Amino acid sequence: MSNPNSKPGSGSRTVSALRTSLNFRWSSVGGKAEESLIMRLLKVATCNLNQWAMDFDCNVKNIKESIDEAKRAGAVIRLGPELEITGYGCEDHFLELDTVMHAWECLKDILSGPLTDGILCSIGMPVIKDSERYNCQVLCFNRKIIMIRPKMWLANDGNYRELRWFTAWKLKDKLVDFQLPRDISEALSQTSVPFGYGYIQFLDTTVAAEVCEELFTPIPPHAELALNGVEVFMNASGSHHQLRKLDVRLRAFIDATHTRGGVYMYSNHQGCDGGRLYYDGCACVVMNGELVAQGSQFSLKDVEVVVASVDLDAVASLRGSISSFQEQASYKTTVPSVASPYSLCQPFNLKISLSSPLEINYHCAEEEIAYGPGCWLWDYLRRSGASGFLLPLSGGADSSSVAAIVGCMCQLVVKDIAKGDEQVKADAIRIGRYADGEFPTDSREFAKRVFYTVFMGSENSSEATRTRAKVLADEIGSWHLNVSIDGIVSALLSLFQTVTGKRPRYKLDGGSNVENLGLQNIQARIRMVLAFMFASLLPWVHGKSGFYLVLGSSNVDEGLRGYLTKYDCSSADLNPIGSISKQDLRAFLRWAATHLGFSSLADIEAAPPTAELEPIRSNYSQLDEVDMGMTYEELSVYGRLRKIFRCGPVSMFKNLCYRWGSKLTPSEVAEKVKHFFKYYSMNRHKMVVLTPSYHAESYSPDDNRYDLRQFLYNSRWPYQFRKMDNLVKELNGDSIAIKEPSGMGVVAAGSGKPNVGL
């Protein structure tokens with residue numbers, strides 16, 4: 001057999017000659033070469049990489065480290081994530097020729113030394129062929145490019161816009177020549193390489209790439225490739241975290257090899273690469289439908305390599321035992337291939353331990369809420385140049401959830417330092433401004449250096465929420481301030497009275513709805529201004545340089561309903577819970593009270609949600625669900641039907657008649673649907689200025705990237721509501737008029753809206 005560590009150009013004989021001289025026998029399945037009586041052991045490595053869009057130095061460093069670690073582990077295949085050289089989230093930077101040119105320069109740097117000697121590396125980058133730009137995996141071995149595999153099916157829904165930047169490769173029946181850029185050609189002594197859909201035929205196995213979205217298409221490439229004898233599939237991905245999504249992904253890998261056999265390798269980005277998404281890693285290896293290696297889903301590491309040792313004869317054995325596979329393989333559509341005169345496998349050797357099947361490691365949703373946003377915040381903090389975070393902490397469920405996530409972040413940092421992660425340690429020392437020889441060893445002490453919390457109370461705030469905020473801040477370790485905003489509110493109202501001659505009153509004191517709303521919005525917006533002032537000046541007060549990032553704390557349901565004041569404390573630099581539902585947050589608080597050690601969260605979760613923007617009376621207390629006219633549970637249902645199931649008002653009404661029909665009449669269901677769509681459409685303009693939020697929920701109303709819709713609606717929905725009225729009449733069997741919610745109309749985009757607290 002040829003040595004996998006052969007030097008470039010040492011394979012002087014042709015593939016066929018080598019096969020003849022080594023007396024290979026050919027399997028009836030897919031034309032695979034097998035050496036008689038010799039087990040085919042293969043060690044593979046896949047990885048999670050924390051790349052940063054457009055930071056080529058950072059990305060190449062991580063790529064090189066992952067290849068080096070894979071080689072040290074004895075692997076002969078290394079798979080990296082999709083577009084790993086540039087970072088996945090470059091977006092319109094992909095349209096710049098500089099981005100493609102820099103990617104080639106970085107690839108040349110990787111291939112110039114001995115890094116790829118003896119190891120097949122799949123490296124993701126953009127490539128321009130003729131006049132089209134493709135999302136490609138470049139397959140390299142022994143300092144050469146073996147082939148370039150362009151992505152055939154592009155991700156173009158939800159958070160993904162690949163068709164905006166790339167072209168899908170459509171030629172499936174042949175490989176074409178790709179002329180390498182001149183400086184690359186000279187450096188590698190290669191003029192052209194095969195380009196297109198195909199696989200690599202090594203002397204002892206066959207390997208192919210399947211890129212991210214292609215796995216999830218109705219007819220995925222791996223099905224056809226398996227019939228052509230491909231045994232190892234390499235899936236380079238750029239997949240973001242979403243609550244409860246991991247099972248869907250892992251089941252796809254398992255299903256891909258359960259009835260077809262094969263080794264399925266999966267690599268992913270991990271971390272915040274510059275946007276709203278957190279790529280959640282979980283690099284893994286699946287063989288014949290069983291997981292044999294799994295990496296972390298959430299981590300502060302920049303590089304994590306996952307290694308597995310497999311016996312490829314087990315793949316051939318499974319395929320040979322499935323009659324239907326044999327029959328379909330016998331009249332398959334032939335996929336083009338590239339021959340490589342090298343062997344990757346080793347014979348039977350007891351010194352090589354085979355990887356055994358593993359139980360899949362899943363996090364519960366509460367853990368996902370803690371670790372995903374926590375790791376996302378850490379990446380943003382260490383890469384932004386900020387000195388820490390500042391959070392307006394009201395003592396309510398939402399802001400307390402954000403505080404707990406930051407507290408979890410601090411715990412993760414201290415744990416990783418204790419485990420010996422030098423990069424996390426260096427970042428923590430720099431951000432926390434530790435003296436020489438010192439570093440974080442206690443999460444509360446670290447929080448005191450990087451996290452400010454501010455309770456900005458008014459005459460409408462209760463002592464209970466003030467106390468809860470203080471106790472939670474002490475448990476986490478944040479630098480906590482207690483500030484009264486009554487003086488500023490009074491000054492603004494006096495100014496308004498001087499200018500207009502009128503002073504607004506709360507509804508409880510005889511004022512109108514307009515006055516009541518205006519008074520609440522004044523408090524909310526003052527808090528935003530104060531938050532940014534404290535964030536910019538408190539580091540100076542404490543003799544520190546830099547600035548603090550302001551954290552927002554509105555949840556996905558409030559954004560969907562518009563139950564927030566435009567430019568209040570929901571307006572911040574970042575919001576780690578902006579696409580997490582209230583129900584999930586309350587479950588997270590109960591979990592965090594025990595598992596993160598912040599016991600006061602149990603009392604915070606048990607308290608009824610309130611904005612505390614209206615006066616407290618013995619016979620009145622402001623409650624969120626009363627203000628909204630709907631429960632948070634109902635909002636979650638509306639949100640999923642609107643986004644995930646693509647329901648307009650009429651379709652939502654029909655669905656809810658089935659779901660709620662045992663409790664509500666059709667007329668009552670119609671009223672609820674009308675009420676939701678009225679306020680959703682009136683307040684949609686608020687989503688245009690929504691604070692950049694961690695994406696965690698599939699019904700997020702984020703207007704900037706995910707949920708693309710207009711922000712000026714006819715909130716009467718006359719045609720749709722009339723259709724609903726007619727359906728109700730038919731269901732009731734009479735002609736009773738259906739009451740339309742009052743006060744509906746088109747609302748100016750800059751006006752105040754139903755309020756929300758801190």
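The legends below accompany several close-up views of one predicted model.

Because the model is predicted, local features need pLDDT of at least 70 and side-chain atom pairs count only at pLDDT 80 or more, while totals for chains, interfaces and linings use all residues. Residues are numbered from 1 along each chain as its sequence is written, and side-chain values use heavy atoms, with hydrogens and water left out.

**View 1. An open sheet of four strands, ordered E21-E20-E19-E22, with parallel pairing.** Strand E21 (479-484) and strand E22 (548-550) are the edge strands, each pairing on one side only. From one strand to the next, the twist averages 25°. Strand labels (E, at least two residues) and helix labels (H or I, at least four residues) are DSSP runs, numbered from the N terminus. Two strands count as paired if DSSP finds at least two bridges between them. Strand E20 (residues 451-457) runs parallel to E21, and six bridges join the two. To find your place here, look for Thr453, which stands opposite His480 in E21.

View 2. What joins E19 to E20? Four bridges do, and the two strands run parallel. Three bridges join E19 to E22, again in parallel. Leu390 is a handy landmark: this residue stands opposite Tyr452 in E20 and opposite Val550 in E22. Five of the five residues of E19 are buried, where buried means under 20% relative accessible area, exposed means over 50%, and partly exposed lies in between (1.4 Å probe, protein chains only). Both faces of E19 are covered, with Gly388, Leu390 and Pro392 on one side and Phe389 and Leu391 on the other.

View 3. Axes are lines fitted to C-alpha atoms, for helices over the stretch in contact, and angles run from 0 to 180 degrees between N-to-C directions.

**View 4. Helix H11 (residues 397-418), seen along its 22 residues.** How far apart are the end C-alpha atoms of H11? They are 31 Å apart, which agrees with the 32 Å that H11 should span at 1.5 Å a residue. The expected span of a helix is 1.5 Å times one less than its number of residues. Of the 22 residues of H11, 20 are buried, so this helix is largely enclosed by the rest of the structure. Gly420 follows H11 and has a positive phi, near 100°.

**View 5. Helix H22 (residues 649-660) packed against helix H23 (residues 666-682).** Their axes are 9 Å apart, and the packing angle is about 135°. That makes H22 oblique to H23; angles under 35 degrees count as roughly parallel, over 145 as roughly antiparallel, 65 to 115 as roughly perpendicular and the rest as oblique. On the H22 side, the contact residues include Met652, Phe653, Leu656 and Trp660. H23 contributes Val669, Val673, Phe676 and Phe677, among others. Contact here means heavy atoms within 4.5 Å.

**View 6. The crossing of helix H10 (residues 365-384) and helix H18 (residues 582-595).** The two axes come within 9 Å and cross at roughly 85°. H10 and H18 are therefore roughly perpendicular to each other. Glu366, Glu367, Ile369, Ala370 and Tyr371 in H10 meet Asp584, Ala587, Phe588 and Trp591 in H18.

**View 7. Cys140 in strand E6 (residues 132-141).** Is Cys140 buried or exposed? With a relative accessibility of 0%, Cys140 counts as buried. Setting aside neighbours within four places in sequence, its contacts are Leu107, Leu111, Ile119, Leu120, Cys121, Ile145 and Ile146. Ile110 lies 30 residues away along the chain, and its C-alpha atom is separated from that of Cys140 by 10.0 Å.

View 8. Most residues other than glycine have a negative phi.
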